[in-house]
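Student: I would like to go through this model step by step. Where do we begin?

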Amino acid sequence: MGRKRKNRTHLKGPIPTAETGVPKSFIIKHGQVGSSLTQLVRDVRKVMEPNTASRLKERKRNKLKDFLTMAPALQVTHLLAFTLTNIAPSLRIVRLSAGPTLSFRIERYSLIKDISNTSRRARSIGMEYLSSPLLVLASFPPASPTTPPHIPLLMKTFQTMFPPLSPQTLTLSSARRVVLVSYNADRETVDFRHYLITVKPYGVSKRVRRVLEGATTKSSLTATILDLGNERDIADFVLRRRGDAGPDGGYESAASSTESVAGDDGDAVDLADDYVGRNNKKGQRRAVRLDEIGPRMELRLVKIVEGIPGKEGNVIHHHFGSYIVWFLKAASDILIVKKTKKEIAELKAEHAAKAKLKKERREEQERNVQRKKALAESGGKKAEVEDEDEDEAMDDDQDVEDAEVDEQEFDDDGDYWDENEEIEEDSEDEADEESSEDEEEVKRPIKKSRTKGKR
């Protein structure tokens, strides 16, 4: 029997690289959080797929600095850190690697399982997460002199979290999900929603669609077979009006069937290309609908700070006012302190001085590194020269010693006289005589060793 050869299943050749310009993200939980917030982190990772580390594991010994240090090497552009505080859960969006950092308070949130439990049409999510979602920004005020300065920065932050939309290169079948970020001016909050794009036939009732396509669920063997045991005719199932219990309740018209399924004409579109699903071919008229799959969050922007955590700069925006900061004294006690213009100027001058000192230290460190490198190179050359001089001096000394030995080994007549050999013979004879005398003196009777045995 021949030897079975193992087939290699891993990828061969160079490792495929991601597209340039596509943002990547780390979504982590920081500190002690509960199971609900941990599940929210997993749900947000599913929203950001496939350009996120969906299987990233945080350990207790990991710190936020570890992720900030590792992110540039992996070309990560955004870091989303969830934290649980005494007031409410919080979310920080960090733009790597220079900032800014946006801090949000999560007022309310719902998980994917909560949305699916309350939805009438529970879907099994499958291949929708292989492509990036489409971003939709709604209800943000347009740019104008009266628009708050932090609004454009807030919009830009959410725009850079998702890949840019290019209609020339976008394929219709890859548009499967939608992320809606809407601004509520009355509450000054941001609503985060996640939807799934579904396409249905237009102008066809639900019963006709079930006859043509069959049931979508495959939980049992009989799920794809329609139960017509209580119907006298196929028309009773297809044309019966909605809400009628029996076969004698009457039939619905074509107009009511069309309205019940597709709604207004604004929902119907002609497909520009083939789409996912049965009979969704190019040119077909279909009704497009958005089904929310979660998660859902209501975010309140607290502040925007220059830089990243650990290297913060000036406060660009604060929710409690331009010159207001708050400190937490107890679990539910908040002390609001107002800053004067003089104190604000002092803080800015302090930040500028720190930045200047940091720059000077960095330049000094670079100069020291260059100086040490130059000294190492020059010291290596000097060491090589000194080694060569020492070798030459040792060679000269060896030559002088060899010349002296040659002069001593030859006598006046020129005959070679081996003095060492003659001395060695005498010394060996004397040593043999001394050793024989010592052996005679030292010889003693050998004692018998006692052995224990049974008598």
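Tutor: We begin with a term: a salt bridge is a side-chain nitrogen of Lys or Arg within 4 Å of a carboxyl oxygen of Asp or Glu. Keep in mind that this is a predicted model.

Student: Which residue forms a salt bridge with Arg 285?
Tutor: The closest N and O atoms of the pair are 3.2 Å apart, and the cut-off is 4 Å. The pair links distant parts of the chain, with Arg 285 in strand β9 and its partner in strand β8, 15 residues apart. The partner of Arg 285 is Asp 270.

Student: Is Arg 285 buried, partly exposed or exposed?
Tutor: Buried means under 20% relative accessible area and exposed means over 50%. Arg 285 has a relative accessible area of 36%, so Arg 285 is partly exposed.

Student: How many residues apart in sequence are the parts tied together by Glu 298 and Arg 108?
Tutor: The side chains of Glu 298 and Arg 108 meet in a salt bridge, at 2.6 Å from N to O. Glu 298 lies in strand β10 and Arg 108 in strand β4, so the pair ties together parts whose separation in sequence is 190 residues.

Student: Which peptide bond joins Pro 100 to the residue Gly 99, cis or trans?
Tutor: Pro 100 lies in the loop between β3 and β4. Omega of the bond between Gly 99 and Pro 100 is about 10°. The bond is cis.

Student: What is the phi of Ser 139 near?
Tutor: Ser 139 is in the loop between β5 and α4. At 55% relative accessibility, Ser 139 counts as exposed. Its phi is positive, in a residue other than glycine, and is near 65°.

Student: How many strands are there in the protein chain?
Tutor: The protein chain has 455 residues, of which 27% count as buried. Nine helices are found in the chain, and the number of strands is 13.

Conventions. Residues numbered from 1 in each chain as written. Predicted model: local features only at pLDDT ≥ 70, side-chain atom pairs only at ≥ 80, totals over all residues. Heavy atoms only, no water. Helix = DSSP H or I, 4+ residues; strand = E, 2+ residues; numbered from the N terminus. Buried < 20%, exposed > 50% of the residue type's maximum accessible area, 1.4 Å probe, protein only.
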